[in-house]
Structure formats: structure tokens, C-alpha cells
Amino acid sequence: MMPSLFLAHGSPMLALQQNDYTDFLQRLAGRLQPKAIVIFTAHWETQTTTVSASDAVYETIYDFGGFPDELYALTYPAKGSSRIAGDVKDRLEKQGIAVHTDLTRGLDHGSWTLLYRMYPAADIPVIQLSVNPYLPPAEQYKIGEALRGLGDEDILVIGSGVTVHNLRMVNWGQNTPEPWAVAFDDWLIDRLERRDLEALFSYDRLAPHAQAAVPRPEHFVPLFIALGAGSPDRKPELIHRSYELGTLSYACFEF
């Protein structure tokens with residue numbers, strides 16, 4: 001049985017770096033060997049939830065600029081699965097969630113940089129889904145909730161984003177986290193561990209420094225999707241925590 005995960009994808013350099021976080025991702029993959037991966041990425045925004053439904057090899061999308069040439073030479077040639085994508089679509093629609101399908105979009109860096117470190121052989125089918133950052137947290141949770149049970153089929157659901165993501169407030173070269181970023185994550189970890197959905201759904205009003213941590217919610221909403229997809233009987237668990245550039249959080253959770 002697979003849990004659901006919220007994983008931080010951080011900088012695209014994740015694909016090249018070797019550090020505590022990439023070591024964690026490799027260890028995590030060592031204990032989780034799914035038959036397929038369903039991943040919601042912060043870098044694919046649509047008004048209607050959209051699922052990649054092709055069996056073909058994905059194109060690797062380099063949706064970033066100004067990085068070393070070495071990064072653009074990497075590819076992640078995973079295949080999709082129209083069968084599993086169809087099951088995902090059916091599950092969502094049964095809960096009244098509108099769904100579109102996409103047959104051509106490749107894997108953006110919110111998906112492939114994580115998967116490159118976790119499953120470098122690219123031999124596990126990947127089903128990529130979009131997010132609508134403007135849906136309220138309770139609606140994001142329902143999207144994940146509709147996919148409960150995929151873990152029983154050894155399908156790993158991942159929400160790929162970042163808890164503290166404000167690129168205007170990063171501090172280049174800083175190795176220690178800013179206190180306000182730590183305070184936001186502390187609040188989030190406490191409410192997740194207590195499964196305080198009421199507080200979590202109102203994080204933008206209740207959490208300290210919420211506007212600085214989440215100036216725009218596209219990187220944050222995959223957390224609610226992953227939480228909804230997990231078992232309601234399992235205590236949410238913080239499985240990694242580190243920071244880069246002073247404010248960029250690498251907090252990861254298992255549900």
C-alpha cells in the first residue's frame with residue numbers, strides 16, 4: 001500500500017545537486033516502489049483539473065531559464081498510462097469534479113526533477129495532473145479525497161510544490177533559514193499532525209507570515225490535494241525539513 005506525499009521540488013538544480021535533500025529523496029524511493037505515479041504539479045495551472053492521458057514517452061519541459069547547460073541536457077523519458085489516467089478521471093468525475101484530458105503536454109520541472117532523483121530509470125508510468133490555484137483549500141482537499149484508494153493499488157499520489165515559496169524574498173548564499181519561514185512551517189506542521197482541517201483551510205488568515213510564505217497559492221495547494229488523498233486514519237508525518245536560500249522550504253509530508 002502506498003501513502004500519498006507532498007514533496008518540495010524547489011530549484012530545478014535539484015536534478016544536479018547532491019545534498020541532504022536529494023539523499024532523502026533517494027532513500028524515500030528505496031522504500032516506495034509504486035506501479036505508477038500520479039503527480040499534481042504546481043507548474044501546470046488550468047481552470048479545470050486536467051490529466052495527462054497518453055501512453056507515449058513524455059517530452060521533458062525546461063520551464064526555467066538561466067541555469068547551466070548541463071541541466072538542459074537531462075531528460076526524463078517516462079511513459080504515461082491512458083488506462084490509469086482514465087481511472088483517475090473516472091474517480092474525480094464520480095465526485096462531481098470536472099476533468100479534462102491532455103494528450104501532448106510533457107513533464108514540467110515540478111514533476112521530472114523530483115522523479116529524476118527518485119526513480120532515475122524512468123520506468124514507472126507517470127500520470128501528471130494540473131492544479132487550479134484559485135480553488136479554496138477545501139476544494140483542493142476534495143480533489144485529493146476523490147483519489148483515496150489509489151494507494152491500495154500501489155499507485156503513489158504526489159503533490160509537488162513548496163510550503164514557503166516567495167522568490168522575491170530568497171537570500172542568495174544564505175544557508176540558515178529566516179525565522180519567519182520557520183514560524184510558518186512550524187504552524188503548518190502542528191496543524192497537519194493534529195489534522196486540524198478547519199485551521200488548515202484558513203491558513204491564509206491564521207498562520208503566521210502566511211502572506212510572505214504563500215504570496216500566490218500555486219505551490220501550496222498540492223499540499224491539500226496530497227492530504228486529501230491520504231488515509232484519514234493515518235497521522236500526517238513530517239518526513240523531511242530543510243531550507244535553501246534562507247526562505248525556500250523543503251518540508252515534505254507523508255499522509
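## The largest pocket

The largest pocket is lined by 19 residues, and Gly10, Ser11, Pro12, Phe67 and Leu167 lie nearest its centre. A pocket here is an open set of points on a 1 Å grid over the protein atoms alone, where a 1.4 Å probe fits, with protein on both sides within 12 Å along at least five of seven lines; lining residues have an atom within 4 Å of a point. The volume of the largest pocket is about 370 Å³, counted as the space filled by probe spheres set on the points.

Its lining holds nine nonpolar, eight polar and two charged residues. Asp, Glu, Lys and Arg count as charged, and Gly counts as polar.

## The model

This is a predicted model: local features need pLDDT of at least 70, side-chain atom pairs count only at pLDDT 80 or more, and totals for chains, interfaces and linings use all residues. Residues are numbered from 1 along each chain as its sequence is written, and side-chain values use heavy atoms, without hydrogens and water.

## The chain as a whole

The chain has 10 helices and 10 strands (DSSP runs: H or I of at least four residues, E of at least two). Its radius of gyration is 17 Å, close to the 18 Å that the globule rule gives for 255 residues, so the chain is as compact as a globular protein of that length. The radius is taken over C-alpha atoms; the rule is 2.2 Å times the number of residues to the power 0.38.

## Burial

Of the 255 residues, 56% are buried (under 20% relative accessible area, 1.4 Å probe, protein chains only). Helix H10, residues 221-229, is mostly covered, with nine of its nine residues buried. Among them are Val221, Phe224 and Ala229.

Methods:
Buried < 20%, exposed > 50% of the residue type's maximum accessible area, 1.4 Å probe, protein only.
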